[in-house]
Amino acid sequence: MGESEEVIAFGRTAELMSYGEQRVLKLFRSGLPANLAEEEFRISMAVYQSGLSVPQPLEMLERDGRAGIVYEKAAGMTMIAALARDPGIVKAEGQRMARLHAEIHRCRVEGLPRQKAALAHKITEAKLLSEDETRRITAGIDLLEDEGFLCHGDYHPDNIILGEKEWIIDWMTAMTGSPAADVARTLLLLRTGTLPEELPPPVQELFARLRENLTAAYLQEYMKLSGITYTEIENWLVPVAAARLVEWIPEPEKAQLVKLIRERLQEQP
C-alpha cells in the first residue's frame, strides 16, 4: 500500500483509505460475502441519483481477495469529531441531525430492500431470543405502518460528515419503509450503541456524557419537523432492537438489547 492509500478509518465490516485525489476506497473485511459490496454499490448509486448529498460510488474493485468500492471523497469531519472539538454545539448538532434525517425520509427510491422483510429475516436469525419471543415480535411487525420512504438503516453521528457541505455516508443498509422505524434505530444507537473502536478514549468518554443531550435535541426537532409522534417511534423499538442482535456488536450491547426487548414484551398484553 502506497502513501497515497493510507487508512483513514476502520469499521466493523470495512476500512476506509485514501485513493488518489478526492476519492476514497472502502475495502471490505476478509470473509465477508462479495455480494454485500455489490449490493452496497447498487444501493448507494440509487440513493446518489435521488439527489441527496451522498458520495458518488465510482467503481468496484478487488484487492487481495477483498471487495472494494471507490467513492467520491466526503470532505470534512464526522459529527462526533465536531462535538469532540466543541461540546457546546451539542443541541445545534442534534437539531441538524434531525433535519438531515427528515430530508432523507421525504425521498422515495425504487429497487431497495423492504424494511419489514429485512427486519423479520434478521429477527428469525437472532439466537438470543426464544421461539415465542421471535414469533411475537415478527407478528407485531405486520401491524405497523410501512409508508415506502427512503430509510438509511444505520443513521448516527459518525455517518454524518460536516465540511463545505453536509454529507450522509454508509448506505449499505438503506431500505424502503417507515421513517419511524429508522428513527427508532437511531435512538437505539444513540442510547446504547458502542462507539467506533478507533476513537480515542477521551472522545469516547466525552460522547458518553453528551449522548443524552444530543438524543433529546435530535428527537424533539425530528418530531417537530416530521409530525411523527414518539408513540409511533416507540412502537418500532422492539423489532429494531431484535434485528440488531444479529449484527457484529459487542456482547454487553447485545445483553442490553435483550433486556430492553424482554422488558417491553412483558408490558404488552
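In this report an axis is a line fitted to C-alpha atoms, for helices over the stretch in contact, and angles run from 0 to 180 degrees between N-to-C directions. Helices are DSSP runs of H or I with at least four residues, numbered from the N terminus. The model is predicted, so that local features need pLDDT of at least 70 and side-chain atom pairs count only at pLDDT 80 or more, while totals for chains, interfaces and linings use all residues. Residues are numbered from 1 along each chain as its sequence is written, and side-chain values use heavy atoms, with hydrogens and water left out.

**Helix packing**

The axes of H9 (residues 237-244) and H10 (251-267) come within 9 Å and cross at roughly 150 degrees. H9 and H10 are therefore roughly antiparallel, a term for angles over 145 degrees. The two other pairs are set out beside this one.

| Helix pair | Angle between axes | Axis distance |
|---|---|---|
| H9 and H10 | roughly 150 degrees | within 9 Å |
| H6 and H9 | about 60 degrees | 9 Å |
| H5 and H10 | about 70 degrees | 12 Å |

H9 passes H10 in a left-handed crossing, meaning that the near helix is turned anticlockwise from the far one by less than a right angle, with clockwise giving a right-handed one. The crossing of H6 and H9 is right-handed.

**Residues in contact**

Contact means heavy atoms within 4.5 Å. From H9, Leu-237, Val-238, Ala-241, Ala-242 and Arg-244 meet residues of H10 that include Leu-257, Leu-260 and Ile-261. This contact of H9 with H10 holds eight nonpolar, no polar and three charged residues, where Ala, Val, Leu, Ile, Met, Phe, Trp, Tyr, Cys and Pro count as nonpolar, Asp, Glu, Lys and Arg as charged, and the others, Gly among them, as polar. Between H5 and H10, Glu-133, Arg-136 and Ile-137 meet Ile-261, Arg-262 and Leu-265, giving three nonpolar, no polar and three charged residues.

**The second largest pocket**

On a 1 Å grid over the protein atoms alone, a pocket is an open set of points where a 1.4 Å probe fits, with protein on both sides within 12 Å along at least five of seven lines, and lining residues have an atom within 4 Å of a point. The second largest pocket is lined by 15 residues, with Glu-234, Asn-235, Val-238, Pro-239 and Gln-268 nearest its centre. H5 (131-141), H9 and H10 each supply at least two lining residues, and H5 gives the most, with four.

Technical notes
Parallel < 35°, antiparallel > 145°, perpendicular 65-115°, else oblique.
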